[in-house]
Amino acid sequence: MHTARTIRRPATVLALLALLLTTALAWSIAGPAPRAAAADACAAAWSSSATYTGGAVVSKDGRNWKAGWWTQGDAPGTTGQWGVWRDQGVCGGSTGGTTGGTTGGTTGGTTGGTTGGSTGGGTQTGFVVSEAQFNQMFPNRNSFYTYQGLVAALSAYPQFATAGGSEVAKREAAAFLANVSHETGGLVYVKESNTANYSHYCDATKSYGCPAGQSAYYGKGPIQLSWNYNYKAAGDALGIDLLNNPYLVETDPAVAWKTGLWYWNTQSGPGTMTGHQAIVNGAGFGETIRSINGTLECNGGNPAQVQSRIAAFQRFTQILGTTTGSNLTC
């Protein structure tokens with residue numbers, strides 16, 4: 001009978017086996033360490049002579065930049081935090097393509113939105129107004145005025161309802177929607193109801209005339225865009241040929257909302273500032289009324305209409321959980 005012998009392994013071998021087993025287990029759970037992301041390829045270089053519409057991407061000084069709206073001659077990196085160009089980060093290499101400006105454009109828009117982030121009050125869409133809140137504001141609206149159409153239009157003016165933190169961003173959204181509500185009877189009217197006025201909105205003295213017909217430029221959309229020169233200006237800014245296709249404003253919800261945002265963000269009308277500037281700079285809701293209807297309502301022109309707008313604004317700020325600020329009247 002043989003006596004069993006104990007096999008002894010050096011402690012160092014056992015320790016090595018334990019280390020290998022631990023390493024293998026960690027790899028299987030965590031996987032390999034992530035690699036640093038490579039810089040995006042550089043878009044085509046910015047050109048001072050090119051025209052760019054909202055969403056166009058260019059490169060300058062080793063960085064990509066995205067246009068927030070129509071622009072020509074404004075160099076990326078010089079327009080400030082709320083200017084037309086948004087910094088997209090460092091880039092490397094080249095895409096080989098061109099970003100040359102276009103005035104043709106498309107009417108589809110995107111639903112991704114670019115208004116989230118720093119406002120602190122955004123929703124899944126990136127907009128400070130949720131679909132439920134929108135429905136609460138406009139319970140009897142025309143089905144043409146969709147929430148999705150509004151969100152799709154936001155990409156045209158990414159500075160809208162994003163500046164000044166959550167309180168101001170929500171205040172601006174409430175101010176815009178309150179004025180829109182007043183202009184459309186609570187988003188009920190898509191186009192001007194008085195057909196007798198339709199032929200009045202063609203200024204034949206303009207060199208481009210009224211190619212869609214003398215009676216094609218009546219009030220349409222959330223801001224009731226009217227006159228051939230306004231259709232041309234809005235279309236040029238948005239990259240959509242609205243001079244020749246004014247009916248898009250009453251058939252495409254995203255285009256309709258974009259025209260409202262165009263006026264709000266870029267036009268001072270009979271006032272001294274845009275609606276966007278009035279809210280963001282603290283001038284107050286009253287100045288947004290002035291930029292839309294001037295002395296037709298302000299300075300005692302029609303106090304009842306002013307109060308109607310203020311009442312909608314106060315209700316909408318309550319729904320959004322923000323404040324109205326001061327200077328509500330004009």
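Residues are numbered from 1 along each chain as its sequence is written. Because the model is predicted, local features need pLDDT of at least 70 and side-chain atom pairs count only at pLDDT 80 or more, while totals for chains, interfaces and linings use all residues; side-chain values use heavy atoms, with hydrogens and water left out.

**Exercise 1.** Work out what span is expected for helix α10.

- Helices are DSSP runs of H or I with at least four residues, numbered from the N terminus.
- α10 covers residues 303–320, which is 18 residues.
- Take 1.5 Å times one less than the number of residues: that gives the expected 26 Å.
- From first C-alpha to last, α10 reaches 26 Å, close to that value.

**Exercise 2.** Find what the buried side of α10 packs against.

- Call a residue buried under 20% relative accessible area (1.4 Å probe, protein chains only).
- Among those that pass in α10 are Val-306, Ile-310, Phe-313 and Phe-316.
- Look for contacts, meaning heavy atoms within 4.5 Å: the buried residues pack against α2 (131–137), α4 (165–184) and α9 (285–293).

**Exercise 3.** Locate the disulfides and give their handedness.

- Cys-298 pairs with Cys-330 at 2.0 Å; here the torsion is about -85°, so it's left-handed.
- Cys-298 sits in the loop between α9 and α10 and Cys-330 in the segment after α10, so the pair ties together parts 32 residues apart in sequence.

How values were computed: Helices (H or I, at least four residues) and strands (E, at least two) are DSSP runs, numbered from the N terminus. Buried means under 20% relative accessible area, exposed over 50%, partly exposed in between (1.4 Å probe, protein chains only). A disulfide is a pair of cysteine sulfur atoms within 2.5 Å.
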